[in-house]
Amino acid sequence: MANLLTVFFIMEVIVSGLRFGVDGLNMNYYLLSCPFVDSVVKSKVNSALQNDPTLAAGLVRMHFHDCFIEGCDGSVLIDSTKDNTAEKDSPANLSLRGYEVIDDIKEELEKRCPGVVSCSDILAMAARDAVFFAGGPVYDIPKGRKDGTRSKIEDTFNLPPNLQCFSADQDVWTAWAFCKRYGGSLWSHTLGVARCASFKNRLTQGDPTLDSEFAKTLSKTCNAGDNAEQPFDATRNDFDNLYFNSLVTNNGVLTSDQTLYTSPQTRNIVSIYARNQALFFLDFQQAMVKMSMLDVKEGSKGEVRKNCHKIN
């Protein structure tokens with residue numbers, strides 16, 4: 001009996017030992033209720049990215065867009081209904097990709113441990129594993145988020161456009177404060193592409209921070225229309241520090257990208273990351289963990305959706 005009590009005591013220490021500032025979130029949240037959750041998520045993400053490496057950027061971006069609106073609660077996954085237009089149908093979210101990966105993971109976990117793992121946790125873990133698959137740093141996140149029960153298009157009106165992140169005349173987006181808190185989202189431009197519509201203004205306005213030769217490259221991209229894609233750097237599917245090297249040479253695609261280097265507040269850190277990939281990885285890890293804990297729903301404040309696309 002004493003040995004049995006000792007086992008239970010040790011298990012309780014393990015389960016409760018790695019808690020974070022948000023009550024109820026911890027690394028071992030699913031240790032007893034769904035112990036294979038991490039391996040399932042990683043397997044499904046790896047399989048999807050082997051077929052389409054560009055989904056790595058899609059999953060990371062989706063995680064950011066989820067966390068910024070109403071916190072990390074899976075609200076970006078909810079479909080619109082005849083009575084409600086959801087977040088995912090906002091112009092800011094129409095280009096999000098990777099929903100099918102989240103669905104595949106959810107379906108498998110519902111078979112193994114029904115009603116246990118939230119969609120918001122699945123999305124956060126999928127983004128984590130996408131970063132690693134693409135060559136980025138290994139990091140873990142505390143789990144235990146509940147899914148939100150609200151998803152409205154009007155909530156996305158506060159999602160900052162790319163070119164406003166570092167606009168000095170908007171106090172709500174004080175440059176360094178915003179990007180220090182939500183830095184993982186912006187730094188993740190080391191993956192993926194931008195559409196011509198988001199940077200063509202730089203070509204018509206004669207942006208002095210844009211390298212003249214790179215401007216020709218962007219113009220050529222835009223010849224194919226507003227939806228034409230331009231990689232953020234030469235390794236669009238690799239998580240590395242080449243993005244920062246591009247900024248140093250004035251080859252940033254978006255205004256918000258290049259402003260990271262032209263702004264005195266962030267110029268030094270861009271230069272450091274361009275030289276030191278290990279430091280960039282370390283800071284990115286910390287930023288992503290912090291972002292994943294933004295305004296999470298816990299206990300009765302949320303639910304575990306049976307289907308990530310609709311509220312129970």
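These legends describe close-up views of a predicted model.

Local features need pLDDT of at least 70, side-chain atom pairs count only at pLDDT 80 or more, and totals for chains, interfaces and linings use all residues. Residues are numbered from 1 along each chain as its sequence is written, and side-chain values use heavy atoms, leaving out hydrogens and water.

**View 1. Helices α3 and α4 cross.** The axes of α3 (residues 55-68) and α4 (residues 99-112) come within 9 Å and cross at roughly 80 degrees. Axes are lines fitted to C-alpha atoms over the stretch in contact, with angles from 0 to 180 degrees between N-to-C directions. Helices are DSSP runs (H or I, at least four residues), numbered from the N terminus. The two are therefore roughly perpendicular (65 to 115 degrees). Leu 55, Leu 59 and Met 62 of α3 meet Tyr 99, Glu 100, Val 101 and Ile 102 of α4. Contact means heavy atoms within 4.5 Å.

**View 2. The largest nonpolar core.** This core has 72 residues. A core joins buried Ala, Val, Leu, Ile, Met, Phe, Trp, Tyr and Cys residues through side-chain atoms within 4.5 Å. Val 45, Ile 102, Leu 109 and Val 117 have the most contacts inside it. Helix α3 gives the largest share, nine residues.

**View 3. Phe 244 and Tyr 273 pair edge-to-face.** Their centres lie 5.1 Å apart, with 65 degrees between the planes. Rings of Phe, Tyr and Trp (its six-membered ring) pair if their centres lie within 6.5 Å; planes over 60 degrees apart count as edge-to-face. Phe 244 is buried, at 1% relative accessible area, and Tyr 273 is buried at 0%. Buried means under 20% (1.4 Å probe, protein chains only).

Methods
Parallel < 35°, antiparallel > 145°, perpendicular 65-115°, else oblique. Buried < 20%, exposed > 50% of the residue type's maximum accessible area, 1.4 Å probe, protein only. Phe/Tyr/Trp six-rings, centres within 6.5 Å; stacked < 30°, edge-to-face > 60°.
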